[in-house]
Amino acid sequence: MKEGALLFGEEKSLVAVITEPSGALGRERPAVIFLNAGVLHRVGPNRIHVRLARELARHGFVSMRFDFSGLGDSRSRRDPTPFVESAVAETRQGMDLLASSRGAQSFLLIGICSGADNALRAAGLDERVVGTALIEPYGIPAPGFLLYSYRRKILNPLAWWRLLRGRSELWEMLRERTRASGEADPVPGAQSVITEAVVPSREEVLAQLRRLTERGVDLCLVYSAESPAYHNYRTLLRREVRKAMARGRAQLEVITRTDHVFTPAAAQQRLVALLADWACHVAAREAL
Amino acid sequence: MQPFYFGDSARPLFGVYHAPRSSSRRTGVVVCAPFGQEYLRAHRSLRELGERLAEAGLPALRFDYHGCGDSAGEGEEARWEEWLADTVAAVAELRESTGLSRVALIGLRLGGTLAGLCAARLGGVEALVLWDPVVQGAAYLRELRETHEAWTHEHAPGAIAQPNEALGFPLRDELAADLERVGLLGLAHGPARRVLVVNSGDGEGEPPLWRGAAGVEHQRFPPAPVWLPAEGMGRAFVPAQLLSAVTTWLEGACT
């Protein structure tokens, strides 16, 4: 396994790391691209992208993790292109790079949280994408979403203790809002980026899923059993995904005893193993 | 900004070099990141710091320790002495690539501990900025374990908080034993020509470092949640006032 860093994109301002097998390249295998999760940089929550990239390299896959402009180490764009458009364009530029430099002809996109939303958008627009893993896609508020989100907190004594002690995220948010702007400035653009990114409409998501399943793109949906995202799946997406499952083009994985970002090591191991299996499965199908 | 790998090809380190906008200064700055969840949360702030230093004419190198970020190795392999050697290697890389012999170090949290100990090991460091440094590894380890347990209980129902994990990152017994014994209190005085200790935490529990010692300054800032674990991933904060003050101080301390 070897890794290299580079800059790519229209202005050579997007920071990327490519991980690849040390032996002969598996050109017949799709190349994998990891998309930013929220405002976290390309290594992913708990460094999951790095761990998975190396596991995939052991299975013969080339992969790239990079930062969208304005996130991680990549410079902000100079033009006013909305984030949802630039994210898709930059993902496709990443595909172009892997196609020209590594001979990749097809791609798998992997995204956690808002990365899943962007993976779905890019996959819908680029027919080179043959599979996409949507991990904890967060952005489609289903009926009961807010109630579901807060129910566990309300029932959790620790959350109350933290709130009363002034150490909860809620207090942090309130403090941040009341702070002078010079003391803790939000990352320029980052907050609006995420606000935009996490709110694709229900219709948009369903239409994108339908387009992908009709095209025969393989879907891997992964959820944390307790997360509001899984509630969204059951309320909004299940019916659409079941049709693809019936055709063997979608799989659903639900991981228990974990959180939205797979903090426990056991959950990370499970996630990495199942995604590697899925990638191998899609590659085998594509090779036929 | 240039991303690259450097150091021993058997265990390469990932770095980002911020080239200076002018070449008036003769000191390079190595930026030492914190560990684990704090590393993720603080990434954006350290990137901004690198850019500000470059803007001020100070070449800066950020890097990831072995088993962290984009560097080679897995978190399970992490050891303190290797991280210290990585920091020394980053200083050597910056000196070699810029041709500058003078160097300054900045470290945040556990990166502060590494920066301080690296400066003491190397000697002759121009300036050292310790941003909310971990002064006593044992206290940090205790805090890490308590936070991990609370987080797991609150956010991952049914999961058991394992002692060899720390908020999503491996914390093997060997590294824990290393952390138990490291700290800055063993250094009798500031290990650089000039030292700035920046405090933007709640100030609880940490003993003052080298207070009153020659060449050592302290600055306090309002608490900035740069590395606090917060729910979700949609929030990142850059403490502009603090970064500005650190950059200005380094401009004065580095010729």
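Helix α3 of chain A is mostly covered, with 11 of its 12 residues buried. The model is predicted. Chain A holds 10 helices and 9 strands. Of its 288 residues, 50% count as buried. Among chain A contacts between residues at least 6 apart in sequence, 71% join residues at least 24 apart.

**Helix α3 of chain A**

- α3(A) covers residues 114–125. Its end C-alpha atoms are 17 Å apart. At 1.5 Å a residue, its 12 residues should span 16 Å, so the two values agree.
- The buried stretch begins with A:Ser114, A:Gly115, A:Ala116 and A:Asp117, among others. Also buried are A:Asn118, A:Ala119, A:Leu120 and A:Arg121. A:Ala122, A:Ala123 and A:Gly124 complete the buried set.

**Packing of α3(A) on α8(A)**

- α3(A) packs with helix α8 of chain A, residues 202–215, at an angle of about 45°. Their axes lie 9 Å apart. The angle makes α3(A) oblique to α8(A).
- The crossing of α3(A) past α8(A) is left-handed.
- On the α3(A) side, A:Leu120, A:Arg121, A:Ala123 and A:Gly124 make the contact. α8(A) supplies A:Val205, A:Gln208, A:Arg211 and A:Leu212.
- By class, this contact of α3(A) with α8(A) has 4 nonpolar, 2 polar and 2 charged residues.
- The contact residues A:Leu120, A:Arg121, A:Ala123 and A:Gly124 of α3(A) are also among its buried residues.

**Helix α2 of chain A**

- α2(A) spans residues 83–102 and has 20 residues. From first C-alpha to last, α2(A) reaches 27 Å. That is close to the 28 Å expected at 1.5 Å a residue.
- Buried residues in α2(A) include A:Phe83, A:Ser86, A:Ala87, A:Val88 and A:Glu90. A:Thr91, A:Gly94, A:Met95, A:Leu97 and A:Leu98 are buried as well.
- In general, an α-helix has 3.6 residues a turn, so residues three or four places apart point the same way.
- A:Gly103 follows α2(A) and has a positive phi, near 75°.

**A:Val130 in strand β6 of chain A**

- A:Val130 sits in strand β6, residues 129–135 of chain A.
- A:Val130 has 20 other C-beta atoms within 10 Å, so A:Val130 is buried.
- Leaving aside neighbours within four places in sequence, A:Val130 is in contact with A:Pro30, A:Ser106, A:Phe107 and A:Leu108, among others. Its contacts also include A:Val217, A:Asp218, A:Val282 and A:Glu286.
- A:Met64 is 66 residues from A:Val130 along the chain. Their C-alpha atoms are separated by 16 Å.

**Packing of α4(B) on α5(B)**

- In chain B, helix α4 (residues 137–155) packs with helix α5 (residues 173–181) at an angle of about 130°. Their axes are 5 Å apart. The angle makes α4(B) oblique to α5(B).
- α4(B) brings B:Gly137, B:Ala138, B:Tyr140 and B:Leu141 to the contact. They meet B:Ala176, B:Leu179, B:Glu180 and B:Arg181 in α5(B).
- The contact of α4(B) with α5(B) divides into 5 nonpolar, 1 polar and 2 charged residues.

**B:Ala10 in a loop of chain B**

- B:Ala10 lies in the loop between β1 (2–6) and β2 (13–18) of chain B.
- B:Ala10 has 6 C-beta neighbours inside 10 Å, so B:Ala10 counts as exposed.
- B:Ala10 and B:Arg26 are 16 residues apart in sequence. In space they are 31 Å apart, C-alpha to C-alpha.

Technical notes. Residues are numbered from 1 along each chain as its sequence is written. Chains are lettered from A and ligands numbered from 1 in the order in which they are written. This is a predicted model: local features need pLDDT of at least 70, side-chain atom pairs count only at pLDDT 80 or more; totals for chains, interfaces and linings use all residues. Helices (H or I, at least four residues) and strands (E, at least two) are DSSP runs, numbered from the N terminus. The expected span of a helix is 1.5 Å times one less than its number of residues. Axes are lines fitted to C-alpha atoms, for helices over the stretch in contact, and angles run from 0 to 180 degrees between N-to-C directions. Angles under 35 degrees count as roughly parallel, over 145 as roughly antiparallel, 65 to 115 as roughly perpendicular and the rest as oblique. A crossing is left-handed if the near helix is turned anticlockwise from the far one by less than a right angle, and right-handed if clockwise. Two residues are in contact if their C-beta atoms, placed from the backbone, lie within 7 Å. Ala, Val, Leu, Ile, Met, Phe, Trp, Tyr, Cys and Pro count as nonpolar, Asp, Glu, Lys and Arg as charged, and the others, Gly among them, as polar.
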